[in-house]
Amino acid sequence: MKAMRLLRFGGPEELRLEELEAPVAREGEVLIQVHAAGLNYAELLLRAGRVPGAPPPPFTPGHEAAGVIRAVGGGVSGLSPGARVVAMLPAQGAFAELAVAPAALVTPIPDALPFEKAVALLSQAPTALAGLRIAARLGKGESVYIPAAAGGVGTFMVQLAKQLGAARVIAGASTEEKRALARRLGADVTVDSTREDWPERVREATEGRGADVVFEREGGDALARGLRALAPRGRLVVFGVDSMFGTSVSNAQLTQLFFQNQSLVGFALPALPPDVQGEVLRDVLALVAGGKLEVVVGQTFALGELAEAHRALAERRTSGKVVILPGASPRAAP
């Protein structure tokens, strides 16, 4: 089979397409022919060697796969060859023509759901729903600021915030095209997230009060800006760290936290109990099946174009979910 390999930690050029021996489903495992694999920002950090506990290269990266079961190992029940499924791969391996996943992390999907949309529901839609419902405890009538609102998590979060009863959804995005997408999905107000004064724009949109919930995923100085946008008794939810350095929160802002009864909350979907993750995924699938949640797939890339997909995501040239299609042909060179 063909698979993308990370030869060593570094830039996108360290990703190479290679021919490997096909994997085998062992006890408790399922072998999947991958039709679509999801790319997340966390994979860029993994490639760069910035994720603690990452496996040593070379290895085939990728956590999210959608496809058709080709074989099942011993002890597997309820899953059979030919079934359409999505799967989480804790040991990596999704960016390949064939991948092995623990049966416990494999979920059947409806025939009507395309693979590229199904793979978008594995982590980003549950992250959006659990982030709003569990971490932020978003209440009806509250306001919320959502960064990267045209991205994989953001497109779901905008829609779900409205469904959970938010009175005002404020979406941050870097271009007018992306802000228009956020408005189409239900955002009440959009702001240019590349401007240093976006917290002031959030305050303007909330009559000077600030947002009850502010999501933060950049790290660095963005944490301090998030506090500037936060309302009394508000929750600042950190669900990603693009920059691990340069965070500068003043003593005055720390004082603000307790004098205004504000909360700083960390959130990571994989840290939730497996049964909670499963419940959230089932809720998301039900919303999609009921036509209540739109899955936005932005760019798709062939398997051999994974390095270019990394560059596009890093440079914010993407919107919605970025999907790798192992069966697709690479684009013709310009």
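Colleague: How many bridges join β11 to β12?

Modeller: Start with the terms. Helices (H or I, at least four residues) and strands (E, at least two) are DSSP runs, numbered from the N terminus. Two strands pair if DSSP finds at least two bridges between them. Here β11 and β12 run parallel and are joined by five bridges.

Colleague: What should I know about the model itself?

Modeller: It is a predicted model, in which local features need pLDDT of at least 70 and side-chain atom pairs count only at pLDDT 80 or more, while totals for chains, interfaces and linings use all residues. Residues are numbered from 1 along each chain as its sequence is written, and side-chain values use heavy atoms, with hydrogens and water left out.

Colleague: In which sense do β8 and β11 pair?

Modeller: Strand β8 (residues 143-146) pairs with β11 in the parallel sense, over two bridges. Tyr145 stands opposite Val214 in β11.

Colleague: What is the order of strands in the open sheet?

Modeller: The six strands follow the order β10-β9-β8-β11-β12-β13, and the pairing is parallel. At the edges stand β10 (189-192) and β13 (263-266), each with a single partner strand, so one side of each has no neighbour in the sheet. On average, neighbouring strands of this sheet are turned by 20° against each other, direction ignored. For angles, axes are lines fitted to C-alpha atoms, for helices over the stretch in contact, and values run from 0 to 180 degrees between N-to-C directions.

Colleague: Which strands does helix α6 lie across?

Modeller: Helix α6 (residues 198-205) lies across β8, β9 (168-173), β10, β11 and β12, and runs at about 165° to β10. Contact means heavy atoms within 4.5 Å.

Colleague: How many residues of β11 are buried?

Modeller: Buried means under 20% relative accessible area, exposed means over 50%, and partly exposed is in between (1.4 Å probe, protein chains only). In strand β11 (residues 211-216), six of the six residues are buried, so the strand is largely enclosed by the rest of the structure.

Colleague: Is Ala229 buried or exposed?

Modeller: Ala229 is buried, with a relative accessible area of 0%. Ala229 lies in the loop between α7 (222-228) and β12 (230-238).

Colleague: Which residues does Ala229 touch?

Modeller: Leaving out residues up to four places away in sequence, Ala229 touches Trp198, Pro199, Val202, Gly210, Ala211 and Val214. By contrast, Ala25 is 204 residues from Ala229 along the chain, and their C-alpha atoms are separated by 50 Å.
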